[in-house]
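Hi there,

Here is the structure I promised to pass on. Have a look at it first, and my notes follow below.

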Amino acid sequence: MKFIAFNAREDEQQYFEAWEKKNDIQVKTVKGALDSNTLDRTIGYDGVLALQTGVFPNKMFDKLNKNGVKVFSIRNVGVDNLDLEEAKSNGIKVTNVPAYSPNAIAEFSVTQLMQLLRNTTVFRRKVAEHDFRWAPFVGKELRSLTVGVIGTGRIGRAAINIYRGFGAKVIAYDVYPNSELEKEGMYVSSYDELFAQSDVITMHMPATPKDHHLINAETIAKMKKGVYIINTARGSLINTPDLIAALKNGQVAGAALDTYENESPLFNHDLREEELQDKVFSELLELDNVLVTPHVAFYTETAVKNMVFVALDSAKAVCETGTADTIVI
Ligand code: COI
């Protein structure tokens, strides 16, 4: 049995090596992405590991099957960029890492919201300019706000616990409600209700075609004036030009975006010497009331370690038993 891991970063290397040593199974690590140029590097490997938010190569599973691959293990949660039907018809098992650290993402979302509520970015900039005045950047306290959580899976629930700790009123919406939260009466019955009541909207759901551009001009108009929007889930949930318009006219007071619809050519790349080609993204970066981060909510030591170990354990389990605890299909 041997595995090949694409998109392998330096900070993951120690975990790949430790697992390889402990299990006595070869793991070849490749820095680059799994794309049409690198696909044939999988020949001779039983399992392929990857971690990328963008598109995978066309007909990838057909080709992996021809190359003899049995299992495809992503080191992250989201499977929205995988053609699972194609994997199934090729007899390739797919695994993910559903709970590498829900807290990593939940804590990051709250961190970003707190920065928006207390204008820390604005004050940092002002202090750098030696402008030490306070007004008009008066902050808001979480205990005076209603936080609307969309998606109450592991990450959403971790976020709910943190917000409750701050004394915020928390309401939630999920197409698949959690029974405990249901008993507590946490759920509203529609997006519209959540939009109407929330001072903060934080998204913790997977991207599905149904929720494509859930946040758009029409839905933003249903929200409270001065709402804050936090997205650490998937960029496709937001129509970015519509959000920019609302951030400019004050309907949305602030947004923290750790994901962006067209993030693949941008995030986790060094573009310091290049002019950004994406005009919408550039416009976003110019706004004072937006915090853009490059899909790093997940990025903690705990998460990185779990992503590598669980993905490798899952690939091994599939090769040995035909399935794994983290099987997707
Ligand atoms: C996920 O786990 O799905 C994430 O969004 C993290 C990212 C590294 C792909």
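Predicted model: local features only at pLDDT ≥ 70, side-chain atom pairs only at ≥ 80, totals over all residues.

H213 belongs to the loop between β8 (200–203) and α9 (217–221), and its phi is near 55 degrees, a positive value in a residue other than glycine. Most residues other than glycine have a negative phi.

K59 also has a positive phi, near 55 degrees. You will find K59 in the loop between β3 (47–50) and α2 (60–66); with 15 other C-beta atoms within 10 Å, K59 is partly exposed.

P136 sits in the loop between α5 (120–128) and β6 (146–150).

Now the ligand: the residues around it are L51, T53, N76, V77, G78, H295 and F298. By class, that shell has 3 nonpolar, 4 polar and no charged residues.

On the helices, the axes of α1 (residues 10–23) and α12 (residues 301–321) come within 9 Å and cross at roughly 35 degrees, in a right-handed crossing. Among the residues making the contact are W19 of α1 and F309 of α12. The contact has 7 nonpolar, 1 polar and 4 charged residues.

Finally, an unreviewed UniProt entry places the feature "domain: D-isomer specific 2-hydroxyacid dehydrogenase NAD-binding" at residues 111–297. That span is 34% helix and 15% strand.

Best wishes

Terms used:
Residues numbered from 1 in each chain as written. Near = placed C-beta within 6 Å. Nonpolar A, V, L, I, M, F, W, Y, C, P; charged D, E, K, R; others polar. Axes fitted to C-alpha atoms, helices over the stretch in contact; angles between N-to-C directions. Helix = DSSP H or I, 4+ residues; strand = E, 2+ residues; numbered from the N terminus. Left-handed = near helix turned anticlockwise from the far one by under 90°. Contact = placed C-beta atoms within 7 Å. UniProt positions renumbered as here; feature names shortened; annotations may be inferred. Buried ≥ 20, exposed ≤ 12 C-beta atoms within 10 Å, placed from the backbone.
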